[in-house]
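Dear colleague,

Please read them alongside the coordinates.

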Amino acid sequence: MTITRTTHRSVTFYHPFRLTRHNRLFPPGIYEVETTEELDAMAATRTYKKIECRMPVLIEGSRDMEEEILIVDPAALDAALVLDADPLREEEREALLGRPGTLAKPPIANGGASQH
């Protein structure tokens, strides 16, 4: 018999983002996430392993906005949140969205010529 539990949390994305296995761009905002976890029977202490996340999102339907429940890999959701929160990964975010990077490249001193 497998023992599972479900946890709920809110996550905030500050930038548009993509999730693995979902071929669309999601807008920034606060999302509710329901995570199913399974008890690891082999662990020495009571440990739960994340199995899947469910995240409701609004999509444009034929007449108005409709809710769709996404099934998301917990590691993919965590990776998207880390990328979203890291200010030093702006170029990576832009590339993920299919836009050229907005950060300036550092100039090469003396046009790359060596000084003697």
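Which order do the four strands of the open sheet have, and is the pairing parallel or antiparallel? The order is 1-4-5-6, with antiparallel pairing, where helices (H or I, at least four residues) and strands (E, at least two) are DSSP runs numbered from the N terminus, and two strands pair if DSSP finds at least two bridges between them. Strand 1 and strand 6 are the edge strands, each pairing on one side only. Neighbouring strands of this sheet are turned by 25° against each other on average, direction ignored; axes are lines fitted to C-alpha atoms, for helices over the stretch in contact, and angles run from 0 to 180 degrees between N-to-C directions.

This is a predicted model, in which local features need pLDDT of at least 70 and side-chain atom pairs count only at pLDDT 80 or more, while totals for chains, interfaces and linings use all residues. Residues are numbered from 1 along each chain as its sequence is written, and side-chain values use heavy atoms, with hydrogens and water left out.

Strand 4 and strand 5 pair over six antiparallel bridges, and Glu34 has Arg54 in strand 5 as its bridge partner.

Helix 1 lies across strand 1, strand 4, strand 5 and strand 6, and runs at about 25° to strand 1, contact meaning heavy atoms within 4.5 Å. Asp84, found in helix 1, counts as buried because its relative accessibility is 4%, the classes being buried under 20% relative accessible area, exposed over 50% and partly exposed in between (1.4 Å probe, protein chains only). Leaving aside residues up to four places away in sequence, Asp84 touches Thr12, Phe13, Tyr14, His15 and Arg93.
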